[in-house]
Amino acid sequence: MIQLRGILRNASRHAEHRLSVKTRPTQPRASFSTGPQQQNGNFYELRTYYIQPHLNAAFLKLTNEKIHLRTAHSELIGYWSVEYGGLNQVFHIWKYDSYAQRASVRAALAQDPGWIEQYISKAMPMLSSQDNEVTYLIPWSKIQKPPKDGGVFELVTFQMKPGGPAVWGKAFQAAVGIHMGSGYAHSVGIFHSEFGQLNRVHVLWWYESADQRAAIRQKSHGDARVVAAVRESATYLVSQKNKLMFPCAFSPIK
């Protein structure tokens with residue numbers, strides 16, 4: 001009898017375990033995360049340089065003439081001069097295959113006499129400060145050049161609530177996706193921060209002109225689909241800011 005009770009008790013526990021596994025609530029899946037990008041290795045370094053106002057033109061001229069010394073070491077995605085949203089700034093994006101590759105590039109630059117003597121020793125005194133972030137392209141985005149050269153680029157930075165994409169990823173994707181899917185703007189790339197300010201997403205848009213952007217903004221604000229998607233995403237938003245930029249002559253994306 002004791003043996004039979006033991007068998008029945010074990011069977012009951014097994015059944016309860018199976019039931020708990022089946023009824024356990026499914027964990028929400030993030031719409032995007034940095035996991036796949038970390039495994040892949042590729043990442044993008046976003047750099048912002050703040051130039052002393054009276055040396056802005058000289059810095060851009062020097063960079064235009066000597067940027068080839070830098071691009072000989074790693075891939076430049078784009079280089080822009082900020083027109084609105086921040087004066088005397090340049091913004092540039094560099095691609096790396098891995099952290100080891102970036103470290104080797106930095107080491108090589110430190111030993112490159114041409115880079116040091118012809119550019120960096122002259123450029124650094126022209127800057128008041130520098131800033132950088134390590135980011136990954138979100139899985140549903142890729143680098144896409146504009147349909148034609150010229151135009152203007154808008155960098156929109158969203159500071160989201162803590163918790164990561166598991167909290168706000170789905171709503172954010174819907175808000176950005178409706179702009180892309182409706183043809184309101186061309187997305188050059190969407191970047192999620194890994195080092196720097198966390199829970200930050202940068203969306204780089206392209207427009208034919210600043211006036212075209214203004215017209216599109218006015219039109220999209222009257223689109224009920226855009227309004228609904230943005231309203232939902234805004235519940236997870238802490239702050240946002242933007243910059244309107246012009247590509248430099250030497251920028252691969254222009």
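Analyst: A strand here is a DSSP run of E with at least two residues, numbered from the N terminus. Before going further, please note that this is a predicted model, in which local features need pLDDT of at least 70 and side-chain atom pairs count only at pLDDT 80 or more, while totals for chains, interfaces and linings use all residues. Residues are numbered from 1 along each chain as its sequence is written, and side-chain values use heavy atoms, with hydrogens and water left out.

Which strands does E3 pair with? Strand E1, residues 43-51, runs antiparallel to E3 and is joined to it by 8 bridges. Strand E2, residues 75-84, is also antiparallel to E3, with 6 bridges. Two strands count as paired if DSSP finds at least two bridges between them.

If you follow the chain from E2 into E3, you pass through a hairpin with 4 residues between the strands, where glycine 85 takes a positive phi near 95°.

How many residues of E7 are buried? The count is 8 of 8 for this strand, residues 200-207, so E7 is largely enclosed by the rest of the structure. In a regular strand the side chains alternate between the two faces of the sheet. In E7 both faces are covered: Arg200, His202, Leu204 and Trp206 are buried on one side, and Val201, Val203, Trp205 and Tyr207 are buried on the other.

E7 has paired neighbours too. Strand E5, residues 152-160, is antiparallel to E7 over 8 bridges, and threonine 157 stands opposite histidine 202. Strand E6, residues 186-195, is joined to E7 by 6 bridges, and these two strands run antiparallel. Here histidine 186 has tryptophan 206 as its bridge partner. E6 and E7 form a hairpin with 4 residues between them, and glycine 196 in the turn has a positive phi of about 125°.

Definitions and conventions: Buried < 20%, exposed > 50% of the residue type's maximum accessible area, 1.4 Å probe, protein only.
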